[in-house]
Amino acid sequence: MKEFALIKAALKKHLIMHGARINFLACFIVGFLKTSTVNLKKVAVGMPGTALRESKYKRIQRFLHDFQLDLRMV
């Protein structure tokens, strides 16, 4: 998926994070843009990858619950 690779590359340039976090953020952004909604279950459907929708949804929940994004990095 071309847009996923482009977003991932852009994030990698600007954020100092573990590769799995950058990969997730790129998937999350693609899903968000595809669905144009803040409903996280719908965003999970739009995320690229072969995981089940529920697995993607749980991944979103874990990320938002456990991870603090330093807005100065963004």
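The following conversation concerns the predicted model of a protein.

Visitor: How many helices and strands does the protein have?
Guide: The model, which is predicted, contains four helices and zero strands. Along the sequence the pattern reads α-α-α-α.

Visitor: And how does its radius of gyration relate to the globule rule?
Guide: The radius of gyration is 12 Å, close to the 11 Å that the globule rule gives for 74 residues, so the protein is as compact as a globular protein of that length. Taken along the principal axes, the C-alpha atoms fill a box of roughly 30 × 30 × 20 Å.

Visitor: What share of the residues is buried?
Guide: Of the 74 residues, 31% count as buried. The exposed surface comes to about 5400 Å², with carbon and sulfur atoms supplying 59% of it.

Visitor: What about contacts between residues 24 or more positions apart?
Guide: Such pairs make up 34% of the contacts with a separation of 6 or more.

Visitor: Let us turn to α2. What span should the helix have, and how far apart are its end C-alpha atoms?
Guide: Helix α2 covers residues 19-35, which is 17 residues. At 1.5 Å a residue it should span 24 Å, and its end C-alpha atoms are 24 Å apart, so the two values agree.

Visitor: Which of its residues are buried?
Guide: The buried residues in α2 are Ile22, Phe24, Leu25, Ala26, Cys27, Phe28, Val30 and Gly31.

Visitor: What covers them?
Guide: The cover for the buried residues of α2 includes α1 (2-14), α3 (40-46) and α4 (53-66).

Visitor: What happens just after α2?
Guide: Ser36 takes a positive phi of about 50 degrees there, in the loop between α2 and α3.

Visitor: Why is that worth a remark?
Guide: Ser36 has this positive phi although it is not a glycine. Most residues other than glycine have a negative phi.

Visitor: Is Ser36 buried or exposed?
Guide: Ser36 is exposed: its relative accessible area is 63%, and the cut-off for exposed is over 50%.

Visitor: Next, Met47. Where does it lie, and is it buried or exposed?
Guide: Met47 lies in the loop between α3 and α4. With a relative accessible area of 4%, Met47 is buried, because the cut-off is under 20%.

Visitor: What is Met47 in contact with?
Guide: Leaving aside neighbours within four places in sequence, Met47 contacts Phe24, Cys27, Phe28, Gly31, Lys56 and Ile60.

Visitor: How far is Met47 from Phe4?
Guide: Their C-alpha atoms are separated by 9.5 Å, and the two residues are 43 residues apart along the chain.

Visitor: Which side chain of opposite charge is nearest to Lys56?
Guide: That side chain belongs to Glu54, and it is 12 Å away.

Visitor: What does Lys56 touch instead?
Guide: Not counting residues up to four places away in sequence, Lys56 touches Ala44, Met47, Pro48, Gly49 and Ala51.

Visitor: Finally, where is Ala5, and how accessible is it?
Guide: Ala5 is in helix α1 and is partly exposed, with a relative accessible area of 43%.

Visitor: How far apart are Ala5 and Leu52?
Guide: The C-alpha atoms of Ala5 and Leu52 are 21 Å apart in space, while the residues are 47 residues apart in sequence.

Notes. Residues numbered from 1 in each chain as written. Predicted model: local features only at pLDDT ≥ 70, side-chain atom pairs only at ≥ 80, totals over all residues. Heavy atoms only, no water. Helix = DSSP H or I, 4+ residues; strand = E, 2+ residues; numbered from the N terminus. Expected span 1.5 Å × (residues − 1). Buried < 20%, exposed > 50% of the residue type's maximum accessible area, 1.4 Å probe, protein only. Contact = heavy atoms within 4.5 Å. Lys, Arg positive; Asp, Glu negative; His and termini not counted. Salt bridge = Lys/Arg side-chain N within 4 Å of Asp/Glu carboxyl O. Rg over C-alpha atoms; globule rule 2.2 N^0.38 Å. Areas by Shrake-Rupley, 256 points an atom, 1.4 Å probe, with all protein chains shown as cover.
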